[in-house]
Amino acid sequence: MQRRQFLKVSVMGAAVGITSASALWLSQGNDPEQLTITALLAKLNQLTMLSTEQLAHLSHGKWNSAEVFAHCAQSVEFSMSGFPEHKSALFKQTVGALAFTAFATKGAMSHNLAEPIPAAPKLDRNLDVNLALARLIQSLADFQQYQAELAPHFAYGELNKADYELAHVLHFYNHQQSFTKMS
C-alpha cells in the first residue's frame, strides 16, 4: 500500500471511530423531560425529606453534599449577578460554545466535579447541608422568576434563559453522579 493511500485509509478509519464514539456518547444522555428546573426542583424537594445525616452523606466525591449544593447554587446565582472571572473571549467563542452545544445535544454534562467556579467564594466544608440545599432550591426558584438580562457564562459565553436553564440542570445532574443511590 502506498503511503498516500495508507494515510487516507488511516484518516478515514479514525474519523469513523471518532464519529462512532461521539454517537455512543451522545446517545447516553438524560431523559429530556427531566431537563427542566421544574423537574429538578421536584427532585431537590424530595431530598428535603431525608434526615440531615442521610443528606450529609449523599456525596461520595471530593466535595461533601453541602459543598455540591452550594457550588451549584453559586452557578445559578452568578448567571443572574455575573460570574467573578471569565475564560477568554476566544475560549468562550470556540471551546466553550462547542462544549455547551455537545452537552445540550447529549442532554448530559461532564466536567471536573471538584473544580470550583473561577474566583468564586471558597466552599465551606462545614456548611449546614440543609441550608446549602435550601440555598440551591431558592436560587433555582429565583432563576425561574428572573426577568432581567442574564450575565454571560464564564466558559460558555452568552446564553439565553432556556440554554441557561438547561446548563443549570445538567450541571446539577453531573454533580449528582457523585451521590450515593438512594433506594
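Predicted model: local features only at pLDDT ≥ 70, side-chain atom pairs only at ≥ 80, totals over all residues.
Local features need pLDDT of at least 70, side-chain atom pairs count only at pLDDT 80 or more, and totals for chains, interfaces and linings use all residues. Residues are numbered from 1 along each chain as its sequence is written, and side-chain values use heavy atoms, leaving out hydrogens and water.

The largest nonpolar core holds 46 residues. Such a core is a set of buried Ala, Val, Leu, Ile, Met, Phe, Trp, Tyr and Cys residues joined through side-chain atoms within 4.5 Å. Buried means under 20% relative accessible area, exposed over 50%, and partly exposed in between (1.4 Å probe, protein chains only). Leu44, Leu47, Leu55, Phe69, Leu136, Leu140 and Phe172 touch the most other members. Two or more residues each come from helices H2 (37-47), H4 (65-81), H5 (89-106), H6 (129-145) and H7 (161-176). Helices (H or I, at least four residues) and strands (E, at least two) are DSSP runs, numbered from the N terminus. H4 gives the largest share, nine residues. Beyond its neighbours within four places in sequence, Leu47 is in contact (heavy atoms within 4.5 Å) with Leu55, Leu58, Phe69 and Leu133.

In H5, Phe100, Phe103 and Ala104 meet Asp163, Leu166, Ala167 and Leu170 of H7. By class, this contact has six nonpolar, no polar and one charged residues. Ala, Val, Leu, Ile, Met, Phe, Trp, Tyr, Cys and Pro count as nonpolar, Asp, Glu, Lys and Arg as charged, and the others, Gly among them, as polar.

Gln74 lies in helix H4. Gln74 is buried, at 4% relative accessible area.
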